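Subject: Handover of a structure

Dear colleague,

Please find the structure below, followed by a summary of what was found in it.

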Amino acid sequence: MSDKNIPSHLFKALIEREQKGMLRKLATNYPVIDFCSNDYLGFSKLGLLSKKLETLNQKQESAYGSTGSRLISGNSTFIEEAEKQIALFHHAESALIFNSGYDANLGLLSSIPQKEDLILFDELVHASIHDGMRLGLAKNYKFKHNNLESLKDLVQRHQKDFKNIYIVVESVYSMDGDTAPLIEITEFIKPFENIFLIVDEAHAIGVFGKQGRGLCNALGIEKNCFARIYTYGKAMGCHGAAIVGNNILRKYLVNFSRSFIYTTALPNHSVSAILNAYQLLIETDQKDVLQNNISYFYSKTSGIKNMIKSQSAIHCLVVGSNEKADTLEKKLAAKNIYAKAIKNPTVKEGSERLRFCIHAFNTKQETDVLIEQLLK
Ligand SMILES: Cc1ncc(COP(=O)(O)O)c(C=O)c1O
């Protein structure tokens, strides 16, 4: 196949993907029973957030365009006030809002570590962290997933050759649902003055900690982190992200983080959604409902072979091939259950899986139907 206006490698790459069963496709008609979305607390699906926003008599909060980047015309006292509230909630000196978690990681990892620095990252960190490192100047090495010995070994081997070391982990891993050994990592780095911890809390906000403050809060290590990333497109049911840390970090990002500087700021109605999602964390007991549902799912599935152990809202059954993952996804869809096949190249070959995201709105009956299918 060829077309004068399209480079031939596009055809080739797509055909190759299709032949390997790896072709990604957009879908719209999702099965009704949701074990897939990141809306863990149901803030979006149950309309909790939209109801709350409707009741507000907002003027500037409802503006639909921010009119520019934060450094040109897109800043406001409203967004700065929001950042102060976010910082307060997460027990940090300051917060800086980004347009998405992807942008936040890109802007952080590409601007902070320098040529003479080293980044050590868990091998399962999110693509946005990889992309941020690719844009930056620092050398980087991966350590084995959740393996403190592997991390220690890299520190010992390379420490003398670099000025600063940044360790990057996720508190909850998006493809496995397991949690990083944050206490052990913070204990290990305590004696080093030049090792800094960055924790992506994308899948922990709303799920762990007091009023959903995240895993760093639950473990009492908020102050041991150099930077924490909170995203709002998951349990918070809206969109955007914030990096929290000290005042110098915020000032530096405003000056050097390109994904913050060179993009139109979030409009005030998006910022208002974020603030209202925080209010819902405080006012509702959706987190407790979610935790009960997680415990129920875990108690029923922990005996199933190849389930990855997890206390979070993300649970996975490893099936070992793209084909098997697709087949199981289809079987569940036939029962109106939406759970996603996570395939290679998103995960390593041989670790292809079905991922189940547990929500506050999932009923016991829905969970039972899902488990019955898995046991089959
Ligand atoms: C760990 C992690 N970090 C960052 C992101 C990106 O966040 P956003 O969807 O807000 O761009 C994701 C999204 O999947 C994620 O799982």
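Which residue is the bridge partner of D200 in strand 7? The partner is I229. Before the details, two remarks on the basis of this summary. The model is predicted, so local features need pLDDT of at least 70 and side-chain atom pairs count only at pLDDT 80 or more, whereas totals for chains, interfaces and linings use all residues. Residues are numbered from 1 along each chain as its sequence is written, and side-chain values use heavy atoms, with hydrogens and water left out.

Strand 7 covers residues 227–231, and five of its five residues are buried (under 20% relative accessible area, with a 1.4 Å probe and protein chains only; exposed means over 50%, and partly exposed lies in between). A227, I229 and T231 point one way from the strand, while R228 and Y230 point the other way. In general, side chains alternate between the two faces of the sheet in a regular strand.

Strand 7 pairs with strand 6 (residues 195–200) in parallel, through three bridges; two strands pair if DSSP finds at least two bridges between them. With strand 8 (residues 241–245), strand 7 pairs in the antiparallel sense over four bridges. I229 takes part here too, with I243 as its bridge partner in strand 8.

Four strands form an open antiparallel sheet in the order 9-10-13-12. Its edge strands, each pairing on one side only, are strand 9 (307–308) and strand 12 (340–342). Strand 12 is joined to strand 13 (residues 353–357) by three bridges, and A341 stands opposite L354 of strand 13.

**A loop residue**

D285 lies in the loop between helix 11 (268–283) and helix 12 (286–301). D285 is partly exposed, because its relative accessible area is 46%. D285 and G47 are 238 residues apart in sequence and 15 Å apart in space, C-alpha to C-alpha.

**The chain as a whole**

The protein chain has 14 helices and 13 strands, which are DSSP runs numbered from the N terminus (helices: H or I, at least four residues; strands: E, at least two). Of its 376 residues, 54% count as buried. Among contacts (heavy atoms within 4.5 Å) between residues at least 6 apart in sequence, 71% join residues at least 24 apart. Along its principal axes the C-alpha trace spans about 55 × 55 × 55 Å.

With kind regards
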